[in-house]
Amino acid sequence: MAAGPKDENISRKAAPLSDEEVSRLRKDFPVLGLESAGSPLVYLDSATTSQKPQAVIEALAEFYRSQNANVHRGVHRLSQAATAAYEGARKRVAAFLGAGTPDEIVFTRGTTEAINLVAQTYGRRHVGPGDEIVVSAMEHHSNIVPWQLLCEENGAALRVVPINDDGELMFEAFEALLNERTRLVSITHVSNALGTVNPVKRVIERAHAAGVPVLLDGAQSAPHRAVNVAELDCDFFACSGHKMFGPTGIGVLYGKREHLETMPPYQAGGEMVLSVEFERSTYQAPPHRFEAGTPAIAGAIGLGAAVDYLSAVGMGRIAAYERGLLEYGTDLLLEADVRLIGTAKEKAGILSFHMDCAHPHDIAQILDDEGVCIRAGHHCAQPALARFGLSATARASIAFYNTKEDLDALGAGLEKVKRVFG
Amino acid sequence: MADEHALYQRILLEHSRRPRNFREMNDADLTAEGHNPLCGDKLRVYLKMDGEVISEAMFQGSGCAIFKAAASMMTAALEGKTRREACALSETFCNMIDSEPGDPVDIKRLGELVALAGVREYPVRRRCATLPWHTLRAAFETHGRTRSTA
Ligand SMILES: Cc1ncc(COP(=O)(O)O)c(C=O)c1O
């Protein structure tokens, strides 16, 4: 299996997937061949959750068909096979994200749990009264609320980096927020509501210069661009399998070994302990210290298959292709005379928009009649939308299996929206 | 439109484009706020009472077309009704919304409100239609409390 390209500059130079390659790849995704409401299904909601290639579906089925056993607790061969497959998936994910060692990869239920894990372990240990945690105004609720809970509990304060009218992070304001009380910067790599790609390398350098560790919410970056956590030098990185063309119920927390080793356990139970006596228990080393109970074994194996699939296609080529689609979609929406929400210079394949004539739910409903799936609502990023005076947007999101035809279907659907509501 | 959309019927669109009684009432006798946190629909219902009779009903708020039309049609239907009649109508309406597509509807009692029957085929939109009515009941029950339908 190939490791992800070393840095973003390499991915920029990669050639985009060709239309022929994409139409071949689309055949790997059974759902993309379905019809909806009598039209071919047009799936433009991958930021919410992605579709799964046959390789992932087959990996899940194959595990249950021929390897199913619990992990780390059997002498029998079947359990050994399951353990090898589970730990093999950890190695694949480590390589995919550019982690130094698989021990830095903790399997979680998803991004949400990964962030909560850091808040409840690292956070509880290092954040005290008067301390500060820095997030941005474009965060997903799952990168806000865990910190609010921690702050309430420990008497700390949440500081918010503002964003400008294009939905870009205001870097100088970020720098100004860093001080000797700052204990952590937790920021999204790519915004799910606005599409903004944050200058995370600079954020990390600047935070580190002030002695502050950084958590990156990679839910929307890991599926769409090459990520190399060692290169980025982030302290933590969280992502969700289901957005990476893998199964639901599995996600990843990458943590630098030095952090994971000193962090107390998250949940307690089997699997995470070395020995239990009523006087005292001793805990496993990372990553198993943070994986109490029977994990999502099949899910992890499915995620392993997903990152193999992505590596074979090539993250650099995926990013280059999606960039082209984003440009095409942006032009199309501007032509359709909708208001784009999120117009950052560095943007990922997320098209959030507002129409004066129709509420986002009505837009999504009419599009659904045409077989076009988009998301409508606040995208679990209410503060980000409030910044633009909105409580909801319609959002089309792109993955490498989308085509210009998909975006044309969106454009045609929007014409119908205007006919109905205009 | 040549063929009526199952959900966005002509009357409904008409109400959502130009909602009736869509303004604030400063001297309301009863008022309540309703909110659907799932989709962000939000409104305040105002009632002017003449004894037991609703002499004026108004609303303010923002949300989708279904919601707006439902609120507009509700205020139009309320005028001149007693509190009891309004509650009964609310129940009939909410029962219709909760019924199965194709179930008979009480056109005699519901009048133009039956235009919202199409919502039955779109379960996630049901709350858009019932939020104004739930808020109405909140206005009767406790003056001013926020009603959340989540
Ligand atoms: C930026 C971002 N962070 C976090 C999450 C939460 O991910 P999950 O629900 O998979 O835990 C999402 C999902 O929408 C997201 O887009």
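## A residue pair in the sheet

Ile350 of chain A stands opposite Ser397(A) in strand E17(A). In this predicted model, local features need pLDDT of at least 70 and side-chain atom pairs count only at pLDDT 80 or more, while totals for chains, interfaces and linings use all residues. Residues are numbered from 1 along each chain as its sequence is written, chains are lettered from A and ligands numbered from 1 in the order in which they are written, and side-chain values use heavy atoms, with hydrogens and water left out.

Strand E14 (residues 350-354) and strand E17 (residues 393-397) of chain A run antiparallel and are joined by 4 bridges. Strands (E, at least two residues) and helices (H or I, at least four) are DSSP runs, numbered from the N terminus. Two strands pair if DSSP finds at least two bridges between them.

## The whole sheet and its helix

In chain A, 4 strands form an open sheet with antiparallel pairing, in the order E13-E14-E17-E16. Strand E13 (339-341) and strand E16 (375-377) of chain A each have a single partner strand, so one side of each is left without a neighbour in the sheet. Neighbouring strands of this sheet are turned by 35 degrees against each other on average, direction ignored. Strands of a sheet pair through backbone hydrogen bonds.

Helix H13 (residues 360-369) of chain A lies across E14, E16 and E17 of chain A, and runs at about 160 degrees to E16(A). Angles run from 0 to 180 degrees between N-to-C directions, and axes are lines fitted to C-alpha atoms, for helices over the stretch in contact.

## Where chain A meets chain B

In chain A, 10 residues are in contact (heavy atoms within 4.5 Å) with 16 residues of chain B. The two chains, A and B, bury about 1100 Å² between them, 51% of it on carbon and sulfur atoms. Buried area is the accessible area (1.4 Å probe) that two parts lose on being put together, summed over both.

Across this interface of chain A and chain B there is 1 salt bridge, a side-chain nitrogen of Lys or Arg within 4 Å of a carboxyl oxygen of Asp or Glu. Arg125(B) forms a salt bridge with Asp362(A), with the closest N and O atoms 2.8 Å apart. H13(A) gives the most to the side of chain A that touches chain B, with 5 residues.

## A salt bridge within chain A

Over all chains, the structure holds 27 salt bridges. One of them joins Asp308(A) to Arg92(A), the closest N and O atoms being 2.6 Å apart. This pair links distant parts of the chain: Asp308(A) is in helix H11 (residues 297-313) of chain A and Arg92(A) in helix H4 (residues 77-97) of chain A, 216 residues apart.
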